[in-house]
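My notes follow the order of looking.

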Amino acid sequence: MDVISHFRQESRTYAALGFVAICVIVLPVVIDSIWVKVLTSAVIFTLAAYGISLLYSQLGLVNLSQVALIGVGGWIMLRLNYAVQLPFELNLLVSAVITAFIGMILALPAMRMKGLYLALITLMVAGGFQIIFSAIQFPNGGAGFLGVALQSPGEMRRPLIAESDTAYLRYSIIVVVLGVMLAAAHNRGRPGRAWAMIRKSEANAMAAGVNVTLYKLWCFTLSGFLAGVSGGLLAGALKILDAKSFPAGESILLFALSIVGGVGHWMGAVIAGFLYRVVPAIFNNIGIDADLSLVIFGAALLHAIMTAPNGIAGQLSSLFQSLGRQNK
Amino acid sequence: MFMRNMGLALILAMGLISYSQGVMAAEPECGANTGQKATGDPIVVGGINGNAPPGDFSGGTDAAAAYFLCVNDNGGINGRPIKYIVENDQWNPELAAQVATKLVKDDGVVALVGNGSVVSMAVNAKLYKDEDVMAMASACAISDCYENSNIVSTNQGPLPSGIGALKFAVEELGTEHAACIGFNIPNNGGWACDWAGKYMESVGKKSTALLMDPSAVDLNSVYLQALAEGVDTIMLMLPAGPALGILKVAEEQDGGDTFKWISPTPLYDPTVPEALGDYWNNKLYVNIELGPFNSDGPDNQNWIAVMDKYGEDGDRRDTFSQSGYLSAKFFVDTLLKMDPAEINRTNVTKAIKGISGLTSDLLCGPYYVGDFDRHMPNHAGRMVVYADNEFKVVRDCYDIESSYLDSIRQQERQLKLIQ
Amino acid sequence: MKIYAIFMISGLAVGSLYALGGIGLVVLRRATGFLNFAYGAIAAASAMICWQFIDWGFAGPVSWLMSILTGVILSVFFGRYLAPSLAWREPVVKAVATLGFALIILGLVSFIWDDAARKLVLPTDKIGFRLMEVRITVTRIIAFGSSLLIALGTILYLEKTRTGLQMRALANNRAHSALIGIPILKVETIAWALSGALAGFTGMLFGDLVRLDPTIITFMVIPAIAAAICGRLESLFLTFIGGLSIGVAEAMLTLVKTAAPFRSLVAFVVAVLVILWMQRKQRLVFQTED
């Protein structure tokens, strides 16, 4: 690695660290309470969007069921919260692992498919979970396995160090950063190389001795894990979840925004989370019908598909690059 | 929205022409009724409604907004105007938490008035308690509205209204087995249909809860489920929109006489008769939580006058609107007794909890709050039947019997409202 | 017995809507390679236009025509102005692009028509007859009959006419079709128009028979896709059968009390099983077009 590219790499890392530091330290202090809540949601969905981005950029797989998996993670988180008196972090981890496992099972039929049929399978899964969630509801402290009581909900515990909204926003940012780093580490390591080969050609990858099935499953499981963490964090943020939050349409929307934000880069996922939660809230706040944000998202998706395959993040980074060249 | 506004503009234009020839509506009476505009330091009050499919619960905040405008034109709260901020949670729990936080923490409201939402109260009950702010709700439909220390609702909610309708059906229509069709939201349809079932059991009758997904696509199959259960009465524990949908299916299947049709208050809405048509003459009975729209009672007449003068074109004028008017009126009357310089959240919360024994022709019983861990001042209602494009009262004020009310009656004894 | 008949009829009506939706999707997919996720949104826009024209006091037939016209215009707009630049992309990218179009339409429709409770009433709702004590309205007959006729008509159209032949050729190989002089643009535009008209018609019936709500109609595309999957996104006949079976199975499950809340899962379970069965012999994905 020559000096310049090493320097560039390093400055990029510093930029990322600086961005996170601003988010953690400055933002929660300067913004109003409502924006603390909005940003918490945006941050949480960023992680799930990164899972979508991973599948799409590494294997070219379209995942239209990510929000449904967030719902699964949230469901397990609430269920654990009312069932056992364990620390938040442990519940979060268990929820994420089980969600990852469910994501893996759902991916099994996808092993022999790619492209359109895989996208359709994930869409059917999203549609199925929408029905299941509204049939069984989310646990609210009741008895039995489903844990639904016909009364006001019980108390969803937050981590001891993050009881207040601002502390919880910081906590979520740190968890999400850790999640993204975990995924990025996969990307740079052995799985990332395997994914790259599979993406180019499954036949060649297999000829080169790559276990195609294993690595495809791995990517799905990782994406499911990220969705599970998101769901667990969301349960902690909102304290009660409702089936209305996890319909198939939302999965489609989050996928669309991940493409708009730009796949293959953490900044793209951040933009997706921002578009998904902050933009409608801004619209609401200044009195513009939030339905109109859908129009903008749709147009942005068409634009991204037709002319900007790297999304907003890609456009931003090429903008910075060209600025950098001019400065030289 | 655009289309509706255009239509409304037309209607309004025609209305103006006829208005100029017609009688002048009565002048509304609000607050101190001085006729002087209030100019002091505004008192910030909030309100949250839920207006998105599957239901529009904005009537309460609309009416409260109109009443507050009227109060501001009439001396305000001893010279201080009310600044009323209304947010819509769009039936979205995430949004509900956000807007409540905005009102309570960022805007610093002294109280919330006129609230009407299915999801908001469940999400925010704890916030209100932690921040010690009272919510004088108007269009509540879930258990959380009636089982928290800092929420008191002027409307009855589905539980008493539903049981009221069942009581009438059992006593007057000969109901033996009722289906309770509600949303499968645990603290809404699940809660109300559960208690409705307990009531039916207590009078030796049967009931079946048929809970549906709020976004259920096919209302037809919900109706068919009731048919398959072999019930003789169908109670529509639903907002007006989906309830009308099921009635349409029933009409198609000519089920108007197959079942006896009853409903709690949401179907009592001036726009409903037009949607129902002649088919439903004398077939649909609705329990009403507040007064009849055409009553001559002073509060009802004043509600109409306030809405005529200060309401907006798109405002609903349903039971929840009456309820919003009444919540706002009780709130203003309470504030008027306070020292205007001392109006802050702590004092307002204390004052609201001190409310006891207020009356209105819109209510069958007294209105009170008190320092309790739950509130349900309104549980007696009236029954109306749909006939010839309007609703007619078939039974005036009557209370219900349910063990749910045991603790409520205890409160009323404590406040010496009943023996 | 009566109760089964009632559920059967209700299921057939909803099922024929799924079938109609599926047919519209398959026709387009065969001719252009686009699986149109915006199909439901186009149907929603058409249904709302129909309601609007009736609300403005226009005669029924005018409103119905406007509704179908809306479907055609929206569909052809995408086909003529947006689709060509995607023509050579993978099928999944094409499908994702239609998602963007769906969001735009849904956003605009929800903005223009707010959330007021509306109902779409067609004159055929009031006319009906009794069959085994079950009242069947003419609207339901229309839904069922038209999906049958449309399925038949489209099959014949693709088999017997020159345009149909050209559409099948396009479906087989686009590059070769262009080489032998098939007017691709014209044939594709016809396919977009046909599919749009079907979307408009389906939307109108859905608004009347099931529910008039833009979001619900937009996502009706999901069970319609399930029906199309039953036909492997190719066979109109199997799509038709698939749609009807899903509708009937959904309705009949209402009678089984424990299964009733989950009955809408039928469409998704069936679709996933069909996909798995289709792929049963395939071991690896070697750069196939799908």
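These entries go from a helix pair to the interfaces, and then to chain B.

**Ground rules.** I am working with a predicted model, in which local features need pLDDT of at least 70, side-chain atom pairs count only at pLDDT 80 or more, and totals for chains, interfaces and linings use all residues. Residues are numbered from 1 along each chain as its sequence is written, and chains are lettered from A and ligands numbered from 1 in the order in which they are written. Helices (H or I, at least four residues) and strands (E, at least two) are DSSP runs numbered from the N terminus.

**Entry 1: a helix pair in chain A.** I looked up helix 2 (residues 33–59) and helix 6 (residues 165–188) of chain A. They pack at an angle of about 10°, with axes 9 Å apart. Axes are lines fitted to C-alpha atoms, for helices over the stretch in contact, and angles run from 0 to 180 degrees between N-to-C directions. Helix 2 and helix 6 of chain A are therefore roughly parallel (angles under 35 degrees). Their crossing is left-handed, meaning that the near helix is turned anticlockwise from the far one by less than a right angle.

I then checked who meets whom. On helix 2 of chain A the contacting residues include A:Val36, A:Leu47 and A:Leu54; on helix 6 of chain A they include A:Leu169, A:Val176 and A:Ala183. Contact here means C-beta atoms, placed from the backbone, within 7 Å. By class, this helix contact has 13 nonpolar, 6 polar and 2 charged residues. Nonpolar covers Ala, Val, Leu, Ile, Met, Phe, Trp, Tyr, Cys and Pro; charged covers Asp, Glu, Lys and Arg; the others, Gly among them, are polar.

**Entry 2: chain A against its partners.** I find 21 residues of chain A in contact with 24 of chain B. Helix 2 of chain A provides the largest share of that side of chain A, 5 residues. The side divides into 9 nonpolar, 8 polar and 4 charged residues.

Next I turned to chain C. Here 38 residues of chain A are in contact with 44 of chain C. Helix 5 of chain A gives the most to this side of chain A, with 13 residues. The chain A side has 27 nonpolar, 6 polar and 5 charged residues.

**Entry 3: chain B overall.** I count 13 helices and 14 strands in chain B. Its C-alpha atoms fill a box of roughly 60 × 55 × 40 Å along the principal axes. Of its 419 residues, 59% count as buried. Buried means 20 or more other C-beta atoms within 10 Å of the residue's own, exposed 12 or fewer, and partly exposed in between, with C-beta atoms placed from the backbone.

**Entry 4: helix 5 of chain B.** Which residues of this helix are buried? The list includes B:Leu159, B:Ile163, B:Leu166 and B:Phe168. In total 12 of the 16 residues of helix 5 (residues 158–173) are buried, so the helix is largely enclosed by the rest of the structure. B:Gly174 follows helix 5 of chain B and has a positive phi, near 75°.

Entry 5: B:Asn78 has phi near 50°, positive in a residue other than glycine. It lies in the loop between helix 2 (59–72) and strand 4 (82–88) of chain B. B:Asn78 counts as partly exposed, with 18 C-beta neighbours inside 10 Å.

B:Asp132 also has a positive phi, about 50°, although it is not a glycine. B:Asp132 sits in the loop between helix 4 (120–130) and strand 6 (135–137) of chain B.

Definitions and conventions:
Angles under 35 degrees count as roughly parallel, over 145 as roughly antiparallel, 65 to 115 as roughly perpendicular and the rest as oblique. Two residues are in contact if their C-beta atoms, placed from the backbone, lie within 7 Å.
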